[in-house]
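Dear colleague,

Please open it first and then read my notes beside it.

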Amino acid sequence: MREHAKRLDLLPRYLFAELDEAKAAYGEGVIDFGVGDPDRPTHPEIVNALNRAVKDASTHRYPNYEGSLTLRRDIAEWYKTRFGVELDPETEVCVLIGSKEGLSHLIWALVDPGEEVIYPDPSYPVYRNQTLLAAGKPTPVPLLEENHFLMDIPRLRATQQTKLLILNYPSNPTGAVSTPIHLSEAVQFSRSHNLWLVNDNCYTEIYFDDPPPSVLSVPGAKDCAVEFGSFSKTFNMTGWRLGFAVGNARMIAALKKIKQNTDSGPFTAIQRAAQTALELVSEIGSQLRKLYKSRRGTLLAGLNRLGWIVPPPKATFYVWARIPIQGQTSLGFSKRMLSETGVLVTPGIGFGEAGEGFVRFSLTIERAQIEEAVDRLSKWL
Ligand SMILES: Cc1ncc(COP(=O)(O)O)c(C=O)c1O
């Protein structure tokens, strides 16, 4: 009997597929704070730009593996304006079919079997799962509430086998934002231990206080670091599949080599529309910040009224909430909440062991639904 590769058995079921099943089992009327997928449509000017580009037959052919030079130039220009970071579009920028694709391929490009990848716990499951697929050794580092969910860099330990340090600020699921000092510590640690460093910065424009920094603003960062960006959350474009990696030219070259042998880059028409998106980044960014701030306020005020006190996230559209009932696992709590109220949240354990005791609300539903959810919870909690 033919079997799939053994490495597939290393992977747990993809969390969101499991949540979809639980939601289907409940039936109609679920209020879904689960997956982080913006509910509002893409800006009409971006859609129009795509329509125009699709009509140009030259976009129908294979794209460049690393993305069009014009889009790479625009990304470099935006990095200069937004973060004061200079990038060479030829060697330091690579366009991706979503940042998930690039993160996955970069891990494959950098990590040899047995090498350690340090990543935050809780975090986006792809860091761990792709490390497992690449036969690397996942090395999660707990993020603690008392440390504002910042990775405690001075207490990190690297061994001869440590290859890569992954950060994700602004953080999914905690909503934490890094500081220039914290990012400097990470760069210093990576340089002194000869590690590669990644910051997954795909929520960079969704913030409520100061704009989050880039790791590439740290002097010397380009010696060891790349940063990932995404059009998904910044522009309500999750379905379009477009992201980018910027920074260290050797890391970018390694990533491109994998991509040349795996995919052929994103559809050129989508890349053209992305140029329009970047022109609108300030306008769209401020609209989204206003939207999520108001939803965040509605949810936190509502939970507060129920005695469920949750600190406000500094960025992203997630609310990371400690479970208000003692002695329940995050999965048990979430399943009960779904079956008894129809309110779906993501159990913290899905983001790593240190996520136990928490659940994540995604603010990607309208305020009226958030109010309805609070109402249902008030009768339940
Ligand atoms: C932290 C983090 N990184 C990367 C991604 C992937 O985003 P993209 O749509 O660009 O592949 C997500 C998506 O939820 C995420 O939360």
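Below is what was found, taken one region at a time.

Please keep in mind that this is a predicted model.

I begin with the ligand, which is surrounded by 13 residues, the closest being Gly98, Ser99, Lys100, Ser230 and Ser232. Sorted by class, the residues of this shell are 9 polar, 2 charged and 2 nonpolar.

Next comes a sheet. Strands of a sheet pair through backbone hydrogen bonds, and they do so either parallel or antiparallel. Here 3 strands form an open sheet with antiparallel pairing, and their order is S9-S12-S11. Strand S9 (318-322) and strand S11 (346-347) are the edge strands, since each of them pairs on one side only. Between S11 and strand S12 (residues 358-362), which run antiparallel, there are 2 bridges, and if you look for proline 347, you will find that its bridge partner in S12 is valine 359. Helix H11 (residues 330-341) packs on the sheet, where it touches S11 and S12, and the direction of H11 makes about 45° with that of S12.

There is also a pair of helices to look at. Two packed helices are described by the angle between their axes and the distance between the axes. For helix H10 (residues 281-305) and helix H12 (residues 367-380), the angle is about 10° and the axes are 9 Å apart; angles under 35 degrees count as roughly parallel, and H10 and H12 are therefore roughly parallel to each other. On the side of H10 the contact is made by Ser294, Arg295, Thr298, Leu299, Gly302 and Leu303, and on the side of H12 by Arg367, Ile370, Glu371 and Val374. By class, this contact of H10 with H12 has 4 nonpolar, 3 polar and 3 charged residues.

Finally, some details of the backbone deserve a careful look. A cis peptide bond, with omega about 10°, joins aspartate 121 and proline 122, and proline 122 is placed in the loop between strand S3 (116-121) and helix H5 (126-133). The peptide bond from asparagine 172 to proline 173 is also cis, with omega near 20°, and proline 173 lies in the loop between strand S5 (162-167) and helix H6 (180-192).

Phenylalanine 149, which is not a glycine, has a positive phi near 60°. Is phenylalanine 149 buried or exposed? A residue is buried if 20 or more other C-beta atoms lie within 10 Å of its own, and phenylalanine 149, with 23 C-beta neighbours inside 10 Å, therefore counts as buried.

Conventions:
Residues are numbered from 1 along each chain as its sequence is written. This is a predicted model: local features need pLDDT of at least 70, side-chain atom pairs count only at pLDDT 80 or more; totals for chains, interfaces and linings use all residues. A residue is near a molecule or strand if its C-beta atom, placed from the backbone, lies within 6 Å of it. Ala, Val, Leu, Ile, Met, Phe, Trp, Tyr, Cys and Pro count as nonpolar, Asp, Glu, Lys and Arg as charged, and the others, Gly among them, as polar. Two strands pair if DSSP finds at least two bridges between them. Helices (H or I, at least four residues) and strands (E, at least two) are DSSP runs, numbered from the N terminus. Two residues are in contact if their C-beta atoms, placed from the backbone, lie within 7 Å. Axes are lines fitted to C-alpha atoms, for helices over the stretch in contact, and angles run from 0 to 180 degrees between N-to-C directions. Angles under 35 degrees count as roughly parallel, over 145 as roughly antiparallel, 65 to 115 as roughly perpendicular and the rest as oblique. A residue is buried if 20 or more other C-beta atoms lie within 10 Å of its own, exposed if 12 or fewer, and partly exposed in between; C-beta atoms are placed from the backbone.
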